[in-house]
Amino acid sequence: MDSTSCKIMNTIDEEVMTGEAKWQKDAADQNFDYMFKLLIIGNSSVGKTSFLFRYADDSFTSAFVSTVGIDFKVKTVFRHDKRVKLQIWDTAGQERYRTITTAYYRGAMGFILMYDITNEESFNSVQDWVTQIKTYSWDNAQVILVGNKCDMEEERVVSAERGRQLADQLGVEFYETSAKENINVKAVFERLVDIICDKMSESLDSEPAMLAGGARGQRLTEQPQGSNNPNCNC
């Protein structure tokens, strides 16, 4: 490994340690009912960072800066009279960072698996990302498939129908979104949180003893259900 690569890896290690410290601090703060760790994954340049910034800060920039390693934002929302703290991790899509980013799959309760509707390769890579989820995360982590950049209709190469068919095959819900035009960004996060909460309620009903452990990191039920959400833009 050359000196430049070493510097990059050292920087990533520092960011990872900082992120872990922040996660522990958030967990120590009891001013919430639930805390969910969510990851946004997918190939490089599909719009993961822009998607996160649109949701967390309601901001967008057209300047592309590739994420180095991993980054995160914290956002607290209210769902069903519950205060839910979300720690949302934005992962690098490049292969060289894969070993680092997959270390964060463990403990994640939800994944936003993203492809770019103008990039066939990113769509074809979805199955590889699903394999990563199955390999490194809990078996019952919840997933939503997202086709991003739906504002770029003239450059579309992946139809909404293909996205919906793939989501049906995977047994997950599907949305098309645009971070630039703020289309379905909030809806995706709200739906993912709702799915996690629903699965959590089912688990608590079947295993009341889990209540004693709170809602931080317990296992959920098996696979997410297929898309039946009338609000999906698909």
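The largest nonpolar core of this predicted model has 28 residues, and those with the most contacts inside it are Phe36, Leu86, Ile112 and Phe189. The largest share, nine residues, comes from α7.

Setting aside its neighbours within four places in sequence, Phe189 is in contact with Leu38, Ile40, Phe51, Tyr55, Ile88 and Ile112. There is also a second, separate core of 25 residues, and among its members are Leu39, Tyr105, Phe111 and Ile117.

Now let us turn to β4. Seven of the seven residues of β4 are buried, so this strand is largely enclosed by the rest of the structure. In a regular strand, side chains alternate between the two faces of the sheet. Which residues of β4 point one way, and which the other way? Gly110, Ile112, Met114 and Asp116 point one way, while Phe111, Leu113 and Tyr115 point the other way, and all are buried.

| Pair | Sense | Bridges | Residues standing opposite |
|---|---|---|---|
| β1 and β4 | parallel | five bridges | Ile41 and Leu113 |
| β4 and β5 | parallel | seven bridges | Phe111 and Val143 |

Ile112, in turn, is one of the residues with the most contacts inside the largest core, and Phe189 is in contact with it.

Technical notes:
Residues numbered from 1 in each chain as written. Predicted model: local features only at pLDDT ≥ 70, side-chain atom pairs only at ≥ 80, totals over all residues. Heavy atoms only, no water. Core = buried A, V, L, I, M, F, W, Y, C linked by side-chain atoms within 4.5 Å. Buried < 20%, exposed > 50% of the residue type's maximum accessible area, 1.4 Å probe, protein only. Helix = DSSP H or I, 4+ residues; strand = E, 2+ residues; numbered from the N terminus. Contact = heavy atoms within 4.5 Å. Pairing = 2+ DSSP bridges.
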